[in-house]
Amino acid sequence: MQQQTRNINLSTRLLSIFCGLAFATAAFAGEPHFGNPVFTADADSKLAKEEFASDTPKIFLHVQLQDVANETKLSAAWIAEKTDAAPANYKIDSTELTAKEGMDEATFTLSKPNAGWPAGDYRVDLSINGKVAASGNFRIAK
């Protein structure tokens, strides 16, 4: 009987914890956020790439917007994490745009430098109203 009481108490505690976690998750469900970032070499493509050639004319970052209100400031900071041409975590450029009513996707681009993309690892930090909300990584092949 005592064992049965312990099992019921444990089950009750686990259920309470689970319900608390479900509530906490639901409370944040309406927060603005980005969907999975997708890098491509073509404006119209949605086929994700992780690695690009050094002569790729432009790199596109497509990202879904979720629960992003009208007039929300969105930005993308392009970072050279580790290359032979720049110090570690060098900020190459950044772009900002303002979300419009009904906007459910954003695309950010960065053009190839005149001498081509230096080989290495890159990152894009995506921000909502100035706060980094997501990051995506890609690589330039040697």
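Me: What conventions apply to the residue numbers and values?

Reply: Residues are numbered from 1 along each chain as its sequence is written, and side-chain values use heavy atoms, with hydrogens and water left out. The model is predicted: local features need pLDDT of at least 70 and side-chain atom pairs count only at pLDDT 80 or more, while totals for chains, interfaces and linings use all residues.

Me: How are strands of a sheet held in pairs, and what is the strand order in the open sheet?

Reply: Strands of a sheet pair through backbone hydrogen bonds, either parallel or antiparallel. Strands here are DSSP runs (E, at least two residues), numbered from the N terminus, and two of them pair if DSSP finds at least two bridges between them. The open sheet has 5 strands in the order S3-S9-S8-S5-S6, and its pairing is mixed. Because S3 (51-52) and S6 (90-98) stand at the edges with a single partner strand each, one side of each is left without a neighbour in the sheet.

Me: In which sense do S3 and S9 pair?

Reply: S3 pairs with S9 (residues 131-140) in the parallel sense, over 2 bridges. Glutamate 51 has arginine 139 in S9 as its bridge partner.

Me: Which strand does S4 join through 7 bridges?

Reply: That strand is S7 (residues 105-111), which runs antiparallel to S4. Glutamine 64 has glutamate 105 in S7 as its bridge partner.

Me: Over how many bridges does S2 pair with S4?

Reply: S2 (residues 38-40) and S4 pair over 3 bridges in the antiparallel sense. Valine 38 stands opposite histidine 62 in S4.

Conventions:
Helix = DSSP H or I, 4+ residues; strand = E, 2+ residues; numbered from the N terminus.
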